[in-house]
Structure formats: structure tokens, C-alpha cells
Amino acid sequence: MAAEDELKLLGFWASPYVCRVKLALHLKGLIYDYVEEDVFTNKSELLLSCNPVHAKVPVLIHNGKPICESQVIVQYIDEVFPDAGVTLLPADPHDRAAARFWAAYIDDKLLPPWVHAYRGKTDEEKAERMKQTLAVVDALETAMEECSKGNAFFGGDTVGYVDVALGGLLSWLHGTEELCGTKILDAAKTPLLSAWARRFGELDAANAALPDVGRLVEFCKMRHVELEAAEAAAARN
């Protein structure tokens, strides 16, 4: 990292997308300033000006220029700082394409049913969404076998792009058992992912970037109550 490089991350502590960017920055050993945003009631003018399209975190500001969306930011960090820390994207074009595919799969297929499994209106809806979530986890177990080639991480011997994409969700995945009554990473059903989660959670970068599971669970419960109250109030009006 050159002396003139200035990195600032706009984020929210509970966001798995923000955690991804934090993971990438720590794995690269990059120094950055972190700005906590009030994403629910009082977004800063800086956030709104840097991400006018979505007005969401994370936003990485590199030497005054903003970059938005977690996967885009992680790729940017890897490309702009190729000699720092861990190389996240594989050098081989096919392996790189596969890594991007599975990272997109996590966002497109894992997150939507998981959210509905917790926020669903009926027990039937929650059960169906959890079934969909577990099917995606089964596919990721296969991806771990293929991408790791028998090594410790999706990236092989070292952490890679898919590790960061899934690793940002790790605290949420661990909290699912209390939130939904279902264990997502079950050693009996997904032994490779379970072992991966243990190894990933022991990394210094994970300890620095990931939120406490207990705090996250309490936050999620509180938000659920607030959303239900807001929906009830809207229904009365």
C-alpha cells in the first residue's frame, strides 16, 4: 500500500456485506478508516453522495473515489493491491470464473431464502424457505469439495474469494440455530463446510471483522419486533 493511498469504509457493524469488505482489507493487511453509518434512520450525506443509486453500505472510498457493492469492492481491493497480503482471486481464468460463479450463487440463492426463513409470516412458509436454504448449503458443500481440491479453504491452501463471500455471513449462519431453530452448518450433513467454518473463524481477519454472534442474534430479534410493529401500525392507518 503506497503512502498516498487513503482508504475509508462506510459500513454498518451487523451487515454481512460490510464484513466481507472488512475481511478482504484485513487479509490484505491494509490500513483503513471505518465510519459506522446509521443505515435505518439517518444515513450520512457522505453515504448518499457516494452511493446515490442504492444508498447502501458498504462503500469503500479510495483516494476520494467511491466503490460500491461488496463483491465489486473485494475484487477491486484484490486488483488494486495485488502484492498485499493474500491473493483472493485465482490466477487461472477457469478457477477465477468458478470463484465468481459461487460467490454470486451465495448472494442470489443462499441469502433470499434464509431471510424469509426467519421473517416468514407462517410456519409453512418458514419451513419451505429453510428447506430451500439447506438445499443451497448442500450445493455449497459440493462446491467446497471441488474448489478446495482437498485443501483447507475454497481458495485452496489459503483463503480466497469464495471464502470471503461466504465468510462474511459466518456469524449469521452460526446465529441461525437460535433464530430459526435449525442448524445450518451441521457436521453430520455438511462436514466439509463445518470444518471450513471452524478454520475460517479462527483466522485473525475473521476475529477482527466478524460481529459477535450473541450480539447479532439480539439485534436481529429487536429488528424483527420493530418491523412487526411498523407493519401493524401501517395496517391500522
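Author: A pocket here is an open set of grid points with protein on both sides within 12 Å along at least five of seven lines, and its lining residues have an atom within 4 Å of a point. The model is predicted.

On that basis the largest pocket has a volume of about 1,000 Å³. Its lining comprises 34 residues, and Ser15, Pro16, Tyr17, Lys56 and Arg119 lie nearest the centre of the pocket. Sorted by class, the lining holds 22 nonpolar residues, 6 polar ones and 6 charged ones.

Several helices take part. At least two lining residues come from each of α1 (16-28), α3, α4, α7 (170-180) and α10 (213-236). The greatest contribution is that of α4, which supplies 8 residues.

Two of these helices, α3 and α4, also pack against each other. On the α3 side the contact is made by Gln71, Gln75 and Glu79, which meet Arg100, Ala103, Ala104 and Asp107 of α4. By class, the residues of this contact are 2 nonpolar, 2 polar and 3 charged.

In an unreviewed entry, it lists "domain: GST N-terminal" at residues 5-85. That span is 37% helix and 21% strand, and its end C-alpha atoms lie 16 Å apart. The unreviewed entry also gives "domain: GST C-terminal" for residues 92-237. Here the span is 77% helix and 0% strand, with 57 Å between the end C-alpha atoms.

One loop deserves a separate word. Alanine 55 belongs to the loop between α2 and β3. Its phi is near 55 degrees, a positive value in a residue other than glycine. Valine 57 and proline 58 are joined by a cis peptide bond, with omega about 5 degrees. Proline 58 is likewise in the loop between α2 (45-50) and β3 (59-62).

Terms used
Residues numbered from 1 in each chain as written. Predicted model: local features only at pLDDT ≥ 70, side-chain atom pairs only at ≥ 80, totals over all residues. Heavy atoms only, no water. UniProt positions renumbered as here; feature names shortened; annotations may be inferred. Helix = DSSP H or I, 4+ residues; strand = E, 2+ residues; numbered from the N terminus. Contact = heavy atoms within 4.5 Å. Nonpolar A, V, L, I, M, F, W, Y, C, P; charged D, E, K, R; others polar. 1 Å grid on protein atoms, 1.4 Å probe; cavity = no way out; pocket = protein on both sides within 12 Å on 5 of 7 lines; lining within 4 Å. Points joined across faces, edges and corners; volume = space filled by probe spheres on them.
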